[in-house]
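Please keep the sequence and the structure in view while reading.

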Amino acid sequence: PSPSAAAAAPELALAALASAILGGPIRSQLSKDRRQLLTFLRNAHTAHAHAIANPPPTAAPVNIGGMSLNSTLALLSRRESSAASHYRSAALKAKGSDALLWGSLSVAAGSFAAAIGSSNPPATRPVANRDPVEVLSEAVAIQELVRQLHAIVYGYQVAIGRLKVLSKQRSKAEHELLAHRIFRDQLIAWLKKHSAEVPAAEPAYVPSVVPRNAATAAKLIMRMQTALQPFCGLWLAASATQADRQQALTAMNNAVKTGRSWGAPLAAWPGWSS
């Protein structure tokens, strides 16, 4: 997608604010984890700007002189939240790969805002290039998503068996398993309504992590949620109506939030394969 260069300005402004915090007088107050987070945010927003318009416009320098560390972080978090809302609206109005671009930026900014406000900054993934995305028909995209959800339901059942009975983790995983089953059934109903073939579940799946205890069970769930996100992105790009785009974007956002709750690192491009 190549919208006007002006559309890249919010990303450059966020990158400039993160850079100003990193290079300003309050840098000495930043913990190692916060420096790592802010460096990631600067790099992620710079990459976003180049994806929107290449070359992007020149960003004006940011002056945060006299502001405290908490004030600057709160300012950055508010601007991330504002960007998330703006990009969500853009995603719902767009189609194809444009919808995926804006949807990815929306989910990313929302997760960035939450991370900035956390007392325990999360780990981050390297800011990498995105793989090209083939825009599928909506039926095919949903079929692929259903196949992935079959595997996730199986994986959750395996993981839950390794979580302690009556633990908060087990209760959380059971609730998420139910939500995935309901989501899968809704998509199956969509396929039937549109006279499309419904993929059958396999008898068994090979999990990416073999859960042996609570820690490895949590790692399996985290990996499954991360793997789910590109399939939600495919659906978002394929969606023919705004209502379907809204459901796809919500599904992608939920997968990111759930993954983060199980320890997934921040990623610059939610919904894209990398």
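In what follows, two residues are in contact when heavy atoms of theirs lie within 4.5 Å. The model discussed here is a predicted one.

By that criterion, and leaving aside neighbours within four places in sequence, Arg170 is in contact with Ile160, Leu163, Lys164 and Val165. Arg170 itself lies in helix 6, and its side chain reaches the backbone oxygen of Leu163 at 3.1 Å. Between Arg170 and Ile21 there are 149 residues of sequence separation, and their C-alpha atoms are 40 Å apart in space.

Helix 1 covers residues 9-23, and because its 15 residues at 1.5 Å a residue should span 21 Å, the 21 Å found between its end C-alpha atoms agrees with expectation. Its buried residues are Glu11, Leu12, Leu14, Ala15, Ala16, Leu17, Ala18, Ala20, Ile21 and Leu22, and the cover over these buried residues includes helix 2 and helix 3. In soluble globular proteins, nonpolar side chains tend to be buried together.

Which residues touch the most other members of the largest nonpolar core? Among its 83 residues, they are Ile21 and Leu41. The elements giving two or more residues to this core are helix 1, helix 2, helix 3, helix 4, helix 5, helix 6, helix 7 and helix 8. Apart from neighbours within four places in sequence, Ile21 is in contact with Ile26, Arg27, Leu30, Leu38, Ile64, Thr72, Leu73 and Leu76.

**Packing of helix 5 and helix 7**

Helix 5 and helix 7 pack with their axes 9 Å apart and at an angle of about 170°. Since angles over 145 degrees count as roughly antiparallel, helix 5 is therefore roughly antiparallel to helix 7. The residues of helix 5 that take part include Ala141, Leu145, Leu149, Ile152 and Tyr156, and they belong to a group that meets a set in helix 7 including Leu220, Met224, Leu228, Phe231 and Trp235.

**Loop residues**

Thr124, in the loop between helix 4 and helix 5, counts as buried because its relative accessibility is 19%, which falls under the 20% limit. Not counting residues up to four places away in sequence, Thr124 touches Gln36, Leu37, Phe40, Pro265 and Leu266. Ser68, in the loop between helix 2 and helix 3, is partly exposed, with a relative accessible area of 38%. The C-alpha atoms of Ser68 and Asn213, which are 145 residues apart along the chain, are separated by 43 Å.

The side-chain pairs and their distances are as follows.

| Side chain | Partner side chain | Polar contact distance |
|---|---|---|
| Ser68 | Ser71 | 2.9 Å |
| Thr124 | Gln36 | 3.4 Å |

**Backbone geometry**

Where does the chain contain a cis peptide bond? This bond joins Asn54 and Pro55, with omega at about 5°, and Pro55 is found in the loop between helix 2 and helix 3. Leu166, although not a glycine, has a positive phi of about 75°; Leu166 sits in the loop between helix 5 and helix 6 and, at 83% relative accessibility, counts as exposed. Ser195 is likewise not a glycine and has a positive phi of about 55°; Ser195 is placed in the loop between helix 6 and helix 7 and is exposed, with a relative accessible area of 71%.

How values were computed:
Residues numbered from 1 in each chain as written. Predicted model: local features only at pLDDT ≥ 70, side-chain atom pairs only at ≥ 80, totals over all residues. Heavy atoms only, no water. Helix = DSSP H or I, 4+ residues; strand = E, 2+ residues; numbered from the N terminus. Buried < 20%, exposed > 50% of the residue type's maximum accessible area, 1.4 Å probe, protein only. Polar contact = N/O pair within 3.5 Å; in protein donor to acceptor, adjacent residues only side chain to side chain. Expected span 1.5 Å × (residues − 1). Core = buried A, V, L, I, M, F, W, Y, C linked by side-chain atoms within 4.5 Å. Axes fitted to C-alpha atoms, helices over the stretch in contact; angles between N-to-C directions. Parallel < 35°, antiparallel > 145°, perpendicular 65-115°, else oblique.
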